[in-house]
Amino acid sequence: MPFLISLKTQQYTLIKKLLTLFLCALLLIFFINFYLFPLNLTISSTQNLNVINDQIVINSSFHPQVDKKELAGNKSEPVNKKVPGNISTEIERKCDYTEGKWVKDKKGPLYEGTSCNTIKDGQNCMSHGRPDKGYLYWRWMPKECELPRFDPKMFLEIVRNKHVAFVGDSIARNQLESLMCMLATASKPKLLFKEGEENKFRKWKFPSYNATVSIYWSPFLVKGVEKKDDMKYNLIYLDSINERWAKDLFHMNLIVLSVGHWFLNPSLYYQEDKVLGCHVCRGENYTNISFFDILGKVLNKTLQTVIERKSDSMGDFGVFVTTFSPHHFEGEWDKFGACPKTAPYSIGEKNLEGMDADMRSVQIREVKEAKEKFKGLGNSRLEALDVTKVALLRPDGHPGPYMYKNPFANGIGERVHNDCVHWCLPGPIDTWNEILLDVLKRWHSREL
């Protein structure tokens, strides 16, 4: 009997030692595996963007389609930058693009006036003989973030299988032509359609990306008749959208709205087929109405129309409202030296004030007020593309007399027509599209 007890004790001790050795081996294997193959912990977060210095982003989904292999091989972007991707979680960073300064840039523009065939003749300062080239070698540096150089391949990847539409006046066309020149350095566009004087309606396709880019002339956004010949006023119908562009809303994925300067002209305003009032109608028996109020009503009607017609859209879409672009006339528009500057203003040299500030404020206000309505549209976004301050500091970027070819070939005449409103291409307006692309990346981006 004692022999059996001793045998059982020995068996128990052996089993206990074996179990201990087994557990030690498991722990050893676990630590070796943990050291060689650490756990891949993914932390995702959604960061809401608030209004910062009047810059607005509405947080709902807009999902760009991006070839991740191509982006990984894109050497123009540092590997630690946030870039677009097909992911369900957004990682967004705040950036106020309006606060910053223009700094010298040796790289210069992506394209030349002689290499891009979509530039309106009056904005091709290079081919028209502008002698100074310094205006080409500046870049915008925001205080709070880096603004990368425009990457045409990345933009085209983001809008793959989508339709980008610019709607508005000649500044909208100016920005559209800037974008087309930059995109054409990466992929050749095919012109599908053009109509109207000065190519006011055009549409292109980038076959390699199945991406469409178009321009719709609509200087009031709503229904209007432009003043010409014996007409004394523009006619603006505040309760009727301009169907020339709005009828295609269902097919648009990214919309850039840009108006402002046409509202400064003498105009009659109609509502419900009755004259509501006018602007600059001296001697007429009409109520004088501020064009700031009219611009607000127009933007309200436009954004409400977008909301109504896109509410049944199954796809994602985004809307930008480009803010007012200041002119830089000094003295009379038809005299030599109307916009003579050859370098940007330095910080503090020129402040945003007066009409420029008021026009911008109206646009920012209307975007803010439309924000909550856009949130209910699912995969939609709205933002003010706030370029007013950026543009204000570039008095050197206009065609001036070089809206015409070699304007001083026969000397300086008594009258010298100047364009101090639009922008040379290439020129400062290219920066607007850099901001546009950077915002698109921020809308849906992640760390590589």
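These legends walk through close-up views of a predicted model.

**View 1. Helices H6 and H7 pack against each other.**
Let's start with a pair of helices. H6 covers residues 291–310 and H7 covers residues 354–375. Their axes lie 10 Å apart and meet at an angle of about 25°. Angles under 35 degrees count as roughly parallel, so that is the word for H6 and H7. The crossing of these two helices is right-handed.

**View 2. Residues from both helices make the contact between H6 and H7.**
On the H6 side, look for residues including Phe291, Phe292, Leu295, Leu299 and Leu303. Across from H6, helix H7 contributes residues among them Met355, Met359, Val362, Ala370 and Phe374. What classes of residue does the contact of H6 with H7 have? There are 13 nonpolar, four polar and four charged residues.

**View 3. Four strands build an open sheet.**
Follow the strands in the order E8-E9-E11-E12, and you will find that their pairing is mixed. E8 (222–225) and E12 (274–279) are the edge strands, each with a single partner, so one side of each has no neighbour in the sheet. From one strand to the next, the twist averages 25°.

**View 4. Strands E8 and E9 run antiparallel.**
How many bridges join E8 to E9? Four bridges link E8 to strand E9, which spans residues 234–241.

Now we return to a helix from the opening view.

Definitions and conventions. Residues numbered from 1 in each chain as written. Predicted model: local features only at pLDDT ≥ 70, side-chain atom pairs only at ≥ 80, totals over all residues. Heavy atoms only, no water. Axes fitted to C-alpha atoms, helices over the stretch in contact; angles between N-to-C directions. Parallel < 35°, antiparallel > 145°, perpendicular 65-115°, else oblique. Left-handed = near helix turned anticlockwise from the far one by under 90°. Contact = heavy atoms within 4.5 Å. Nonpolar A, V, L, I, M, F, W, Y, C, P; charged D, E, K, R; others polar. Pairing = 2+ DSSP bridges.
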